[in-house]
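I opened this notebook to keep track of what I looked up, one topic at a time. Each entry says what I checked and what I found.

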Amino acid sequence: MRRRTFLAVGATATAAAGLVGYRSRSGESEPIIPYAPVGDERLERRDSRARGRIVDFYTAVPAGHGTGRGLPVCLVLHGASKTAADFPALGLGRFLTDAVRRRKPPFVLAGATGDRLQWRPHAGDDPQRMVREELPRWCRERGFDTSRIALLGWSMGGYGSLLLAETEPGFARAVVALSPAVREGDEIFAAAPQLKGTKVGLWCGRQDGLLDDVRALAKALPEPPAAGSFEDGRHNFGYWSRCLPAGMDFVSEALRR
């Protein structure tokens, strides 16, 4: 198996250590990233047989928790405009540390690039199978606890997270779907009964064109959403970054032993 680590950020003492609050960037569409240190955050290259290519494989451990051995896993599915290589710049490792600093049980993040296939198989390229089979295996190789898995995704990745949870009931304890790219009457709605027993959190901005569809999905679920909100915001990471602290908390509690 080909593997090359080209990013590794250790949990060292930095000027950010011990600080709380958020660092805000200008502009409504810009993310608000927690002013928290990054722990063991890595971006590697892995050979995905499911996809038939080399993909970026991202992992993040909260600061203060070493290599993350024994911690449960939240698998992250990106939207159409991003890949796993963008996760460090989006501050996902900082959101993770921030949750633990707020006394939430620790877990790790892991994700890989699925390109723009809606996390569905296409012409021999199967990113959904990569998430279902290969990501957990790569995580086990790192010593993570894959008996406890959650899914988190935004836009296309929110759609993919819900689709995987429906296709493989019991695979994930919980799903965080931020502005999932669903349409009323699509396959997510058709298979919604398969989500019974899986905790689902739904978030969508009031200025998002998907709002009506996401609200309809909330009503179509076999059980009411266990978390989420519909507040002011558009279809961008500026809004999703404001939802991530609550999403991380939701994942943490769902993965608790």
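**Entry 1: the start of helix H2**

I began at the N-terminal end of H2, which Asp-126 caps with a side-chain oxygen 3.3 Å from the backbone nitrogen of Gln-128. I noted the rule for such a polar contact: a pair of N or O atoms within 3.5 Å, where within protein one must be able to donate a hydrogen and the other to accept it, and where residues adjacent in sequence count only if both atoms are side-chain atoms. Helices (H or I, at least four residues) and strands (E, at least two) are DSSP runs, numbered from the N terminus.

Before going on I wrote down that this is a predicted model, in which local features need pLDDT of at least 70 and side-chain atom pairs count only at pLDDT 80 or more, while totals for chains, interfaces and linings use all residues. Residues are numbered from 1 along each chain as its sequence is written, and side-chain values use heavy atoms, with hydrogens and water left out.

**Entry 2: the rest of H2**

I looked up the length of H2 (residues 127-141) and found 15 residues reaching 20 Å from the first C-alpha to the last, close to the 21 Å expected at 1.5 Å a residue; the expected span is 1.5 Å times one less than the number of residues. H2 has a kink of about 35 degrees at Glu-134, shortly before the proline Pro-136, where the bend at a residue is the angle between axes fitted to the seven residues ending there and the seven starting there.

Which residues of H2 are buried? I listed Pro-127, Gln-128, Met-130, Val-131, Arg-132, Glu-134, Leu-135, Pro-136, Trp-138 and Cys-139, taking buried as under 20% relative accessible area, exposed as over 50% and partly exposed as in between (1.4 Å probe, protein chains only). Their cover includes the strands S4 (41-48), S5, S6, S7 and S8 (145-154), together with helix H3 (156-167). Just after H2, I found Gly-143 with a positive phi of about 90 degrees.

How do S5 and S7 run, parallel or antiparallel? S5 (residues 53-60) pairs with S7 in the antiparallel sense over four bridges, and Ala-60 stands opposite Leu-109; two strands pair if DSSP finds at least two bridges between them. S6 (residues 72-77) runs parallel to S7, to which four bridges join it, and Leu-75 has Ala-110 as its bridge partner.

I also checked S4 and S5, which run antiparallel with eight bridges, Arg-42 standing opposite Thr-59. These two strands form a hairpin with four residues between them, and Gly-52 in the turn has a positive phi of about 70 degrees.

**Entry 3: helix H1**

S6, H1 (residues 92-101) and S7 make a right-handed β-α-β unit; right-handed means that, with the strands pointing away from the viewer, the path from the first strand over the helix to the second runs clockwise. Eight of the ten residues of H1 are buried, so this helix is largely enclosed by the rest of the structure. I noted Phe-95 and Leu-96 among the buried ones. Arg-103 follows H1 with a positive phi, near 70 degrees.

Most residues other than glycine have a negative phi. I therefore looked up Ala-123, which counts as exposed because its relative accessibility is 78%. Ala-123 has a phi near 50 degrees and sits in the loop between S7 and H2. Ser-179 has a phi near 45 degrees and lies in the loop between S9 (174-178) and H4 (187-190). Is Ser-179 buried or exposed? At 0% relative accessibility, Ser-179 counts as buried.

Gly-233 lies in the loop between S11 (227-229) and H6 (237-254), and counts as buried because its relative accessibility is 4%. Leaving aside neighbours within four places in sequence, its contacts (heavy atoms within 4.5 Å) include Tyr-239 and Arg-242.
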